Structure formats: structure tokens, C-alpha cells
Amino acid sequence: MPTTLTPYLSFGGNTRDAFAFYEKALGAKIETMMSYAEMPRSAAGDSGCGDGPPPGGDSIMHACLALPGGAKLFAGDTPPSIPYEGVKGVMLAIEYDTIAQAHSAFDALSQGGQVTMPLAPAFWAKTFGMLTDRFGVSWAVNGEPIKFA
């Protein structure tokens, strides 16, 4: 199996809402949405959450979103024992074959968020823009990459 790199986001209790939004905005499919309550027990009977009790309720332990073309995005809600400090120091870059696809994703992701750089031509792509979505995740959207000789 080839090496893959998959972003894994942490949310403060709204993974389910974020992934429903991303599924629609990106034309993706939610493959997994497992709550802490659904987490399987180990052979020893513990929750698999280390020393403390597992978080309960509807908080999401693990979610997997499959994007068109095969890329994946993982996420989960932080356990109550870990303070949620937001998404920091990372930007998700997404690349589309066409300008139209990039515009569609950019417009959808920016709903309720903040555009930090509107879509415009760049030397590496016919269109590029940046935004922070309503869940605090930063995105760089590229459309129709420019090939260098």
C-alpha cells in the first residue's frame, strides 16, 4: 500500500455538523461517523480511552469523509478532558481540474465563513483563493493548475 497523508481535524463537539457541511460543499461522502458511545470495548473490557472514562453521548470519536478522486479527511470531537482550542496552524489545500469546480467549492465553503483572499489568478493556478469556513478551518482552493516546463 502506498504511503498516504490524511488530515485529521479536531472539533469542539460539532464534527457531525462540519462533516454534513463538507459532504455537501465538496461533493464528498461520509464513510464513517462513530460516536464515543459506539466505540468497541477492548478484550480487557475497557473503553480504549486510556485512564479515564470514555466521553459519552453523541460526541464523535472518529469520522471519515471520502472526497471525489480518493482523498480523505478525518475528524473527531475532542474528549471532554482535553480543552478544545480551535483549529490552529494548518490550512487544507484543495485542488480542482477546472476553474468552475474551484469556484463551486470556494463559494460553498465560504458560506457563513470569512474569505481571506478572493479567487483570482495565480502563477501556479488559473484561480486561487483562501477562506476560513464557519467551523474555523482554513482552506486554500486552487483551480486548473498551471503546468511548468
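Let me start with a question: is Glu31 buried, partly exposed or exposed? Glu31 counts as partly exposed, at 46% relative accessibility. Keep in mind that this is a predicted model.

Now, what does Glu31 pair with? Glu31 forms a salt bridge with Lys72. Their closest N and O atoms are 3.1 Å apart. Where do the two sit? Glu31 is in strand β2, and Lys72 is in strand β4, residues 72-77. So this pair ties together parts that are 41 residues apart in sequence. Lys72 is partly exposed too, with a relative accessible area of 35%.

How many salt bridges does the structure hold? Four. Let's take another of them.

Arg16 forms a salt bridge with Asp58. Here the closest N and O atoms are 2.8 Å apart. Arg16 lies in helix α1, which covers residues 15-26. Asp58 lies in the loop between β2 (29-35) and β3 (60-66). So the pair links parts that are 42 residues apart in sequence. What about accessibility? Arg16 is partly exposed, at a relative accessible area of 35%. Asp58 is exposed, at 55%.

One more pair. The side chains of Glu85 and Lys88 meet in a salt bridge, at 3.7 Å from N to O. Are these two residues buried or exposed? Glu85 counts as exposed, at 55% relative accessibility. Lys88 counts as exposed as well, at 59%.

To recap: Arg16 pairs with Asp58, Glu31 with Lys72, and Glu85 with Lys88. Those are among the four salt bridges in the structure. Thanks, everyone.

Conventions:
Residues numbered from 1 in each chain as written. Predicted model: local features only at pLDDT ≥ 70, side-chain atom pairs only at ≥ 80, totals over all residues. Heavy atoms only, no water. Helix = DSSP H or I, 4+ residues; strand = E, 2+ residues; numbered from the N terminus. Buried < 20%, exposed > 50% of the residue type's maximum accessible area, 1.4 Å probe, protein only.
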